[in-house]
Amino acid sequence: MAKSAVKLRAKAKKGIIDIKCLMSHPMETGLRKDKKTGEKIPAHFIQTVVATKNGTPFMNADFNSTISKNPYLRIQVAGEKGDEISVSWTDNKGASGSGKKAAK
Amino acid sequence: MKRRLFMKGTLAGSAITAALGAGLLAPRAVLAAWPEAEMLAADVADTGMASGSVKIKAPEIAENGAVVPVTVDATGVDGIVESISIVAAANQRPLGATYHMKEGAIPFVSTRLKMGKTGDVFGVVKTASGTVNAKTQVKVTIGGCGG
């Protein structure tokens with residue numbers, strides 16, 4: 001499922017790992033209307049994001065529909081080269097996606 | 001093997017649909033941790049005091065309101081940062097996201113927001129001793145010439 005994956009980059013520098021990730025998601029607010037039918041497009045957005053280092057979560061985020069389509073996220077954590085970073089999300093329909101990478 | 005997977009998928013799918021139909025298992029039950037009331041509120045009650053120790057970076061003029069990059073840096077804040085929230089005051093749902101920091105996390109986040117119109121963007125940082133914020137104004141000129 002390449003579509004629901006999280007693209008990840010993790011770079012370690014001076015004891016800090018800089019993580020950049022891109023999630024592929026439509027992030028519908030539920031407020032937008034379909035131009036043709038005039039019906040509201042149902043909300044569909046990421047609600048929770050969990051980031052872990054070597055299996056231990058260091059950050060969890062609650063997203064609102066305010067976040068842009070295909071969310072981009074940059075976070076940092078204390079760590080060294082080789083630490084395994086993983087980022088996963090769950091949306092309001094219960095779907096989820098994740099990505100994993102060792103810090104360079 | 002494929003057939004088995006397919007069967008599993010259909011079964012799981014129908015279970016969820018049934019639960020939704022019954023109205024018992026609303027989406028919030030699936031994601032119990034998601035603070036629904038807070039997320040859907042029209043205003044954010046507690047943004048705390050303005051503080052110079054929080055740094056927020058966002059463009060002065062956003063030509064495309066659908067993608068407004070915002071960075072909040074709270075590394076200068078005293079004490080342990082519990083969470084960072086990004087709030088776009090002019091939005092229908094102002095609270096954009098809350099990042100809960102745990103051990104090891106550096107209080108620094110960067111993301112992209114959708115903004116309906118021009119307004120202030122707050123970076124709200126919660127520590128054990130209180131809440132501090134920083135704000136910056138973002139002008140949204142959808143479809144404009146960037147003026």
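Modeller: Two strands count as paired if DSSP finds at least two bridges between them. Keep in mind that this is a predicted model.

Biologist: How do you know that S4(A) pairs with S6(B)?

Modeller: There are 5 bridges between S4(A) and S6(B), residues 95-101 of chain B. The cut-off is at least two bridges, so they are called paired. The two strands run antiparallel.

Biologist: What makes S3(A) and S4(A) a pair?

Modeller: S3(A) covers residues 46-53, and S4(A) covers residues 56-63. They share 6 bridges in the antiparallel sense. At least two are needed, so the pair stands. Lys53(A) has Thr56(A) as its bridge partner. With 2 residues between them, S3(A) and S4(A) form a hairpin. In that turn, Asn54(A) has a positive phi of about 50°.

Biologist: Why are S5(A) and S7(B) called paired?

Modeller: DSSP must find at least two bridges. S5(A) and S7(B), residues 105-113 of chain B, have 5, so they are paired, in the antiparallel sense. Leu73(A) stands opposite Thr111(B) there.

Biologist: What makes residues of chain A and chain B count as in contact?

Modeller: Their C-beta atoms, placed from the backbone, must lie within 7 Å. By that test, 29 residues of chain A are in contact with 33 residues of chain B. S3, S4 and S5 of chain A each supply at least two residues of the chain A side. That side divides into 14 nonpolar, 11 polar and 4 charged residues.

Conventions: Residues numbered from 1 in each chain as written. Chains lettered and ligands numbered in written order. Predicted model: local features only at pLDDT ≥ 70, side-chain atom pairs only at ≥ 80, totals over all residues. Helix = DSSP H or I, 4+ residues; strand = E, 2+ residues; numbered from the N terminus. Contact = placed C-beta atoms within 7 Å. Nonpolar A, V, L, I, M, F, W, Y, C, P; charged D, E, K, R; others polar.
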